[in-house]
Structure formats: C-alpha cells, structure tokens
Amino acid sequence: MEHIRTTKVEQVKLLDRFSTSNKSLTGTLYLTATHLLFIDSHQKETWILHHHIALVEKLALTTSGCPLVIQCKNFRIVHFIVPRERDCHDIYNSLLQLSKQAKYEDLYAFSYNPKQNDLERLRGWQLIDLAEEYKRMGVPNSNWQLSDGNREYKICETYPRELYVPRIASKPIIVGSSKFRSKGRFPVLSYYHQNKEAAICRCSQPLSGFSARCLEDEHLLQAISKANPVNRYMYVMDTRPKLNAMANRAAGKGYENEDNYSNIRFQFVGIENIHVMRSSLQKLLEVNGTKGLSVGDFYSGLESSGWLRHIKAVMDAAIFLAKAIMVENASVLVHCSDGWDRTSQVCSLGSLLLDSYYRTIKGFMVLIEKDWISFGHKFSERCGHLDGDPKEVSPVFTQFLECVWHLTEQFPQDFEFNEAFLLQIHEHIHSCQFGNFLGNCQKEREELKLKEKTYSLWPFLLDDQKKYLNPLYSSKSPKFAVLEPNTVSFNFKFWRNMYHQFDRTLHPRQSVFNIIMNMNEQNKQLEKDIKDLESKIKQRKNKQTDGILTKELLHSVHPESPTLKTSLCFKEQTLLPVNHALRTIEGSNPADNRYSEYTEEFSKSEPGVVSLEYGVARMTC
Amino acid sequence: MDEIEVSLTGSGRGPRSEVLAVGGGNSCETVRSLLPRGLLNSCPAGVASCPASSCPFRSPRWPRLTLQESVLLLGPRPTPSAMEFSELIRTGRAQAKLLRGPEVPPLHGTLCVTGHHLLLLPGPQATSDLWLLLLRSVDSIEKRVSGDSGTITLRCKDLRVLQLDIEGVEATRDIARSIEALSSLESVITSFPFFYRPKGLRLGDAWHFHPPERYYKRVARETNAWRLSEVNEDFSLCPSYPRAVIVPRAVDDDALARCARFRQGGRFPVLSYHHAPSGTVLLRSSQPLTGPQKRHCAEDEELLWAVLAGARPGARGFILDTRSAQAAKQARVTGGGTEARAAYPGWKRLHRPLERGRPLQESFVRLVEACGYLEQSTDCWRSRLEACHWLGHVKEALSTACLAAQAMEREGACVLVHGAEGTDSTLLVTSLAQLILDPSSRTVAGFQELVEREWIQAGHPFQLRCAHSAFSHARPKHEAPTFLLFLDCVWQLGRQFPLSLEFGEGLLLALFEHAYASPFGTFLCSSEKERCLCEVRTRTHSLWSGLNQPKEQRKLRNPLYVPSPLAIWPSVEPQSLRLWQGLFLRWTRPNLQR
C-alpha cells in the first residue's frame, strides 16, 4: 500500500484502441492494492490486475492531458488520458512498483482469500495426483519403476521428487547420467503408451562437448530402449535447430553422438529458442496493434513476425514424436538445452496427440501439472512474475496453448474443453492469483509453502466447468485415438480470441458456441421434464386400480412427446438477446466498427448533427 | 463500330454489314438454322430436342441490336448452316483415366466428347456411375504427349483441376482440340441451357419469381413517393436496365428520358432499396456525363431533389462515388465526371475507391495461383495471400457498403451509389448494404430476389465478366470477379453472424459455379435486353427453380438460422476477415476431419 499515492482520479478518458479519431469514454480511475479499476460513465467496469501489467508508458503531454498506456500480459492494451500530469505521474509510479514485485510473498496469491477453510484448500491441492496419473498410464510395471533417487532433490533440483525410470537402470547409472546432463536433468519417463509399450522420455542436453562420453548415460539410454519390448531402437529428438546445438558443443554441451550410443536414431527438429520466440511475439503484437491496419500490412506483418511458423515447428515436432510411437512403436527421448521449455512443449503436445485423456478438462490439468509444473518449466521467470531478468521472459507456455487451440480447430469433436478454458488458464499463469504457477520448480514451491499459503487454480476451474465445456465433444472415442493434424500452412490461423481477447469489436457477432450450449441446456431440461412426467404417470398407474388402461395411455404418449415438445420450445424461445432500440444484433454497432471514421465528414457542413455512438465495450476481467 | 445498328426483324432497316447477312430475311429461319440439330441426338441424358417451333421474335416492339450484341448472340462466325457441333468434335471417344485430386480414386473408362459435355463411361466392372462435365465450365486446357499416350489437364471455372490420361497420341490431340473449340463457343443460343430439359421442372417456371414489379409493390405499401415506370419498355432508354424501374413519383417519363441521356449508358438514378425503418432510400445510377464543359442536366438535378423531398422533411443525401476523387475528375476528359456540388443542394459527395476490372481479375488469378501451390510453399503462404490483395478488396467492399448502410440507418440520409458504368462496384455496394440492413434479404428467397434484382436485372454483364475464371491464359478483356467478390463478402457476413443468414455456404458456392458455367439460363447474357432477344425466359430453365427443389434446398440452408429484424454490422478489421477456404481451397485442401 505504501506505493499508492493517489487512489482516485476523475475525468479520465479511455481511448478506443483502434480508432483513428480519438474516440473515447470518460470515467473515473481507481487504484487499489491489487487492481486498477476504471468505471466509465455507463458504469461499465474495467478491472486490470497489477500482475497482468507487462508495461506502463507515460507518453508526451497533450492538450487534453497526459496519456498513459498500459500493456497487459493477457494482451489487453488500454490507453488512458489523465487530465493532470501530476495524477498521471503518481499512477504511473505506483503501477511501476505494484506490477513488479521483488518477493514472492508480495504476490496476489498470498493475500487472495476465496473464503475456504484449510481442509478445502488441502483438498483443492490434492485434486491432481500425479502418482495416480502414472498408475493410469500403467507404470510402475515390469519394465518401469519409481526411482527414489531424487526423493530429497539430491540428484536434480529442478525435477520432482518422484521419477520413473527403466527397471534395469540402477541408481549409480542414474547418478552417473545426471552428471553428464545439463543441470543434472537425466532421462526420465514423461509418458508411457500402454498399448504400444513405448515411452516418451525427457532430459536436458548431454555435456558431450566435442568428444566427451559417459558410459552411464549410454547405459541409461540403452535401458530405455530395452524397456520397450517391441522395438529395439529409440529416437533421440533434439528440439533445437542443428546450428544452435553445434554451437553448444563449444561450451562443453551439445548433443548425442550416434556412434557412442547403440540403437539410437538421432533427429533435430528445429524449434527456435526463447529469445527468438519473445521477439517474434513482440513483432506480432506490434503489427496487430496498429491503428487503421490494412489487410496487406496485417498479412505481411503476420508472416514476418514468424509467429505462426514457430507454432508450426512445435506442432511438427509433436507430430514426429506421435508418429514414432504410433507407426514405429519406438520409444522417444526428447531434449533441448535445459529440457524445460521446448522439451515440455513437445512432450506434452505429443502426449495430447496420443492419449484422449489429456483432451478432457481434468486430463488437461493433469498434463500441465505433469509436463510443465512438476518437470520444472520456469513459470515465474518465463511469465515475469517478479521483477527479474527480462531476457528470461518468453511465451513458451502461450505457444503450447496456441498449439492446443489449433488442434481444437482441426478436431472440434475431440476436446472436452473449449477455447475459454485455454484463455482462462493463460489468464492465470500471469495473474499470480493461485499458487500453481508460482516458482520455477517443485523444490522452490515447497520452500514457499504454497500449499499452505495459497490456493490451487484447478478446483475453481472445475467448479466453473460448465463454462469450459465443448458442446461438440463426443466422449465415445477410444482412449488411444491418435490425432493426426494437418500442418499445411493455411491451417495455421491468427488466434484472434487470444491476441484480441479484449477488443470486442473484432469478434464475430454471434456465437454458434453459445447457441449450441443453450440448446444443450434446453435438451437437458426437456429430458428431465420427460423423466418427471414419466415418473408421474407411473405413480398414477400404481394408484389406479385399472392398470390396463393407463398402460395403453403410457405407450401412446411416450414415443412422440419428446420431439413435439422440443420443436415447440424452440419456436417460442428467442435464443438471442436482442435490443430493438438499437436495431442491431448483439451490440454490433456501426460506431464500433470504424468503417471509415467518416463522422467528421458527415457533420462538417452541419455541426448540429451528432453521430450516434453507442461505443460500449463489455470488458470483463 | 458499336454504332452500326442492325435489325433482325424483317420490317426493320435492311442489312448493312456482313453480319446482317445472317439476319436478313426471315428471322425465324435464321435462328432456327443456328440450332445444332445434327447433334441433338448425341447429347447426354436430360436433353430433349429444342423447341424450335416457337418463333423467337414475336413481340411487336423489337429492340435494335448493336453489332457487338449480335456477335454475342450469334457467335463471331455466323455461318450457321455449316456450323454444327459435330464438325468441332474430332474424335468421339477414347480410353482414358480420370484423376480428380489426391483423395478421390481415379476413374477408368471410355471418354466421349459431345456438343456440351465431356463424358466418362466407366468400364463394366466399375461401381461408379457416369461422370459428366459441362464443357462450358472448362477454363483452360493443357495437353502433354509422351510415347503413345497423352495427358490433358483441364482447369475448370469452379477452380477444380482435372487430369485425363488418354491412350493414343492422336486421340489426345483430337480430344484436346475438340474440348478447346467447344468450350470457347461464344454464341448464347447454342449454349447448353437451351437444350437442358431436366425431369421434374417445367419451362418458364420460376422466371417470374422476382420481378421488379413485386418489389415495387412492397415499396408502394410503405411509401407513396415512388412509381413504377415502363419508360424503358423497349430498352431504348437504357439497354442494361430492365423494362420496368422504380423512380420518384414526381418525375415523369420525359424527364427520365432526358436524365438517361445525361448518364453513361442511360443508367439514370433508380430506386434500389427502400429502408422503411428510417424512411430512406438507396439509389443507383452511372456517372453523369458532365464532360470537360461541366454540363448540367436540370432533369437529373430535379430527380435527385425529388428523392430528398419524398423521403422525409429535411432529409439529406450522400452520393457515394466508388472511384477516387482524382479518378472521378479525370473521367471528365472522356465525357464522364461527377455531380457538381452546387447543382445538387442537399446532396454531399463521398469518394470510396473500389477496385474493379482488370486489377480485380488479376487479384483473383494470383489468389488462385497461391492456393494451388500449397504443398510446395510452407513459409510464404501468408506473403502470397498478402500479395494478391484479395482480402483487401473484401475489406474495402464491405466497409463501403457499411458506410452506405450507416448513412441510411443512422444519419437518416438517402444514398445514391455510382462509379463509372454503374454495373459493377455500384451493384456490389448496393446489394451488400441491403443485406446488412434488410432482414428479408437474408432469407433464402430474399437473397435470390436480391441477386436477381440487384445483379441480373440491374445489368451486371455476367456474359462478359464471367467469360473466364482464374485459369484462363487469354488476356482478360472484360472479365472481372465482381460477383465472386460479392459472394465472398456475403460469406464473411455469414461467418460473423452465423445465425443471421437463412442460407449456408452451399448456396454461395452454387451461385459461383452457375455464374461461370451453368445448365440453367439465369446467368446468361449481360442484360435483360439480351435475355429477351435470346428468349432465355421461355427456352431455358431458371436456376431458381433448380435450386428451389426440396432436395436441393436442404443442402443450401443454414440450420442455425434465427430470424431477426435487426441490422448486422460486420467488423472489417483485417483480423476479422478470413480467406474463404470453402471456395478457394475447395478442391485442394485435404478434407479436414469431420
């Protein structure tokens, strides 16, 4: 609280992000300990969490006031004009302080209180149980076992305590291998495919340099391939571009030499590093934030940002992995440099392609817990939770979510969750409202006592499950129904709902999704009605002495009543909220759309004409 | 040369040029002899003999033809008695294998060329039925010969690419030549619609579904300021307008005649749409012929003044010129121009340049080219998409239409749209604006009426614009995919408002196909006058009757449609526009799962 000097500023203008004619809403700006709140004259509220703020800029003073631009990690961009420079300066300084905390303990999660008791909190944390998940995959079994080597984080600090390794790999071999791997991240099991008896394993790059070898590491890899009874050779996927991997050799790191390892097939897949990804996203955001963007500039900007090319690279790697297991029955070992960014992307996406469980709401949570949180993806550094090195920030997890979104677009019936679920998760990796994504590895999280001091996100998402259900999902597909996405470049589309989530005017005006959800609800209600009525008939029947008559009645009514009622119901009900006063649909409004910003032209000769602007943006947190 | 006027009636002026040798004497004889009788029997199923007994020129008032028009109707080399389809067919049949893309198994069988079709009769053990392709839908043909077999690649106007592997070098050459000759016949009355007699449809049906008179009745119910004028009954005032048009009640036919002389092609301002909720109207016309001397036309000024007076007290008007201010000014040099501000009080001019003609056609060609290279290019897809500017045209067209609609709905202003000729981008803007504002045009029947009224009857020269699609090697003369651009814009509307259109993508795709090549007569010719001359209405079937059969209807409807009386305002930001994959990638994109 000591950072807040001004808590309320009146007569602040919120500019339309894309308008070229300075269209704006006037309202009051409030600064709280956790949020920045803007309430406009229509009483619409815009809430911005301090932790979501990526960048605050104070632009040069103009005649109408001092412009303040806030860019958020969830891709919201707001442009305020504060009438007095002094107020603007105060808010600017406060936000600078509040958005970059130095200590974990100052993050929102440590003060967030959803009014749950300790038992509920604990139950929330126990919702996702990874031991249970490995059991579901079918490990431990005759080939794979739980290793207690890392129980005290002695072998690798950034790995979880419980790791699964081939049964024939002894502890000395594991320890020896971990010394030969960057950050001690030796090869361990990430996913076990029960049908194919093949495994996805993950690790970091070997410290091979130009000639170094490690017998234990070679043994461990051999143990992994032996743990696969069907196929003797295994793939080793280096997810980096070959050039990057070669450069690492000079620093004593590098990649596996195929001559030293028996039965491996080595493969580069060429996903760029976190720095390339960060600047690619930056370019993308610059392009789509342009005012009065032309179609040509949009597409050339999209192309030159390279963003969708990177998404495709991640997807291609995951497809390669899934194919190795499905077609060749081979186990795969995946690594990059440290094995926590690209490796997490490829392993988790590969598992998602192979196993339909991960395409359910609960399964997707498990997948994130397993391949991202427990294996030490550095969420706090990559999302910039604390005031740290900006070079460590990178949208690696965002890319994973985008890949999943592309899959949901190509396979609309195979996912239990919808786009809103992905967006909500993305919201919370940055919000610091829940403990799940704080810290960079399990060890750190235990030290922070997150399970005692903060809440887990997953139970809250499950409670809200209805919002995240995909109405087209068909749950009947078998467990190992593999997805084979097509990666022709036109299938990679700009994810408007992510990068323009808060720019309501850019979105389609009617949602098929909502209407299907409504219909589903109605159907459920009707089915319930039918059951009620049937039970009523039964009750009557029991009461009546003459049973034969009612039996006939029941049979004649039953077959036709459901359809009849459904159709009636749809005719009576308008499925859309419509506003007749405006004569437009769902708030679609010419004033919102900036067809040409022509209002000046209209009113030039006759200043009396006021153009009707209902410019309302429903912004929700 | 267009000035040479020809009359096909016996009572008209005598023959003056070589072409007239055709028309000389009894016109019935002439036209009858044009019909390829020799071929009738070899035409495929569904084709009956031509109703030659009916005389095509019955009406007492016959429009006079320009040379260009007569060439169009009869073909450039009108030696009718000699010209029979059988002469163009060099080889009747050959053994061939047909490849229709990666996902469809090839078809083996006997290939036949008939007057209007390419047929493939599968061998005895094949399970599939006869395969049939309308020759008119072939856009370009390419043949390669190697050893004792050849390959013909047919690129169709609906963007399909077919490959025929044919046994025998000579057969390949002959078939290629036959297809080439038959697919490029320019004569209208020998085209397939004149022979197409499908079962279950009656000739003459559905032609009178959407006459302007019916629309006028609707307008008349709502307002008293307009009347139906038959001043163009014989097409003498404006060859590209229909016989009846809706004009301000206060303007009489003589004034209209003078107005017509002041507008290019005689296209004087007529009512396109009456927006009842705000009491405003949408008009369309062609450019005024002000010329370098800045001519005036009092009747034209009165007409526009009467529009404002009839709308509501104090109404204003906007003239939406679909050219840039610069281009409109330059048009004066060639006799065109734009309305002078002082002469039209209450009207204000806005310029919204829309691309037309060759740049539009080139954009289309480049887009289709880019879509054909999907497999090879992995990285530069978006650059290619950008380079062809197609979506830019979509954005411009939509936002101009939105502007017109916004002026009517929100500013309560009347809008007159014109470019130069008023037959292309003008129609694009007026028809889209109606779709945005008018809920009845968003139904299946309403949309058909809109296409009929605002495109076909309004004189969009389909015959010229859709002569070739994106694959033709010939230098484009009059080709432009304006109608396709309209369909794309409608598709974008449907994507942004998935519940608001009663029809689905299927109807748009069907209209695209039929506009370029069709067994129906609806899109034949370039104006009502030409359709009258060819007797399209009595001798061909209407596309609408084909589409309105119950089994077709099911495919064209949008199951999510919820009627709503409201306007639909689309977003025109680049992020909101998508490539219409269902059309441009229809044949190349691998079938997405489910």
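Start with chain B of this predicted model, coloured by secondary structure: the chain has 23 helices and 16 strands. Of its 594 residues, 61% count as buried. Among contacts in chain B between residues at least 6 apart in sequence, those joining residues at least 24 apart make up 71%.

Switch to chain A for the counterpart. Its secondary structure comes to 24 helices and 16 strands, and 55% of its 621 residues count as buried. For chain A, too, 71% of the contacts between residues at least 6 apart join residues at least 24 apart.

Twelve residues from domain 1 of chain B and 18 residues from domain 2 of chain B take part in the contact.

The area buried between domain 1 and domain 2 of chain B is about 1,100 Å², and carbon and sulfur atoms give 64% of it.

How many salt bridges cross the interface of domain 1 and domain 2 of chain B? The rule finds zero. Polar contact is present, however, with seven residue pairs counted between domain 1 and domain 2 of chain B. To see where the domain 1 side comes from, highlight β7 (138–146) and β8 (149–156) of chain B, each of which supplies at least two residues touching domain 2. By class, that side of domain 1 has four nonpolar, two polar and six charged residues.

**Chain B: two salt bridges**

Select B:D165 and B:K97. They form a salt bridge in which the closest N and O atoms are 3.9 Å apart. B:D165 sits in strand β9 (residues 161–167) of chain B and B:K97 in strand β3 (residues 93–99), so this pair links parts of the chain 68 residues apart. B:K97 counts as partly exposed because its relative accessibility is 27%.

Next, select B:R214 and B:E449, whose side chains meet in a salt bridge at 3.8 Å, N to O. B:R214 belongs to helix α7 (residues 212–222) of chain B and B:E449 to helix α15 (residues 444–456), so the bridge ties together parts 235 residues apart in sequence. Are these two residues buried or partly exposed? B:R214 has 47% relative accessibility and therefore counts as partly exposed, whereas B:E449 is buried, with a relative accessible area of 11%.

Move to chain A and select A:R202, in strand β11 (residues 198–203). A:R202 has a relative accessible area of 0%, so the residue is buried. What does the side chain of A:R202 reach? It reaches the backbone oxygen of A:D371 at 2.9 Å.

Then select A:R181 and A:D217, which meet through their side chains in a salt bridge of 2.8 Å, N to O. A:R181 lies in the loop between α4 (171–179) and β10 (188–193) of chain A, and A:D217 in helix α5 (residues 215–226), so the pair ties together parts 36 residues apart in sequence. Both A:R181 and A:D217 are buried.

Finish with A:D341, A:K378, A:E381, A:R382 and A:E392, which are linked in a network of salt bridges. Over all chains, the structure holds 50 salt bridges.

How values were computed:
Residues are numbered from 1 along each chain as its sequence is written. Chains are lettered from A and ligands numbered from 1 in the order in which they are written. This is a predicted model: local features need pLDDT of at least 70, side-chain atom pairs count only at pLDDT 80 or more; totals for chains, interfaces and linings use all residues. Side-chain values use heavy atoms; hydrogens and water are left out. Contact means heavy atoms within 4.5 Å. Buried area is the accessible area (1.4 Å probe) that two parts lose on being put together, summed over both. A salt bridge is a side-chain nitrogen of Lys or Arg within 4 Å of a carboxyl oxygen of Asp or Glu. A polar contact is a pair of N or O atoms within 3.5 Å; within protein, one must be able to donate a hydrogen and the other to accept it, and residues adjacent in sequence count only if both atoms are side-chain atoms. Helices (H or I, at least four residues) and strands (E, at least two) are DSSP runs, numbered from the N terminus. Ala, Val, Leu, Ile, Met, Phe, Trp, Tyr, Cys and Pro count as nonpolar, Asp, Glu, Lys and Arg as charged, and the others, Gly among them, as polar. Buried means under 20% relative accessible area, exposed over 50%, partly exposed in between (1.4 Å probe, protein chains only).
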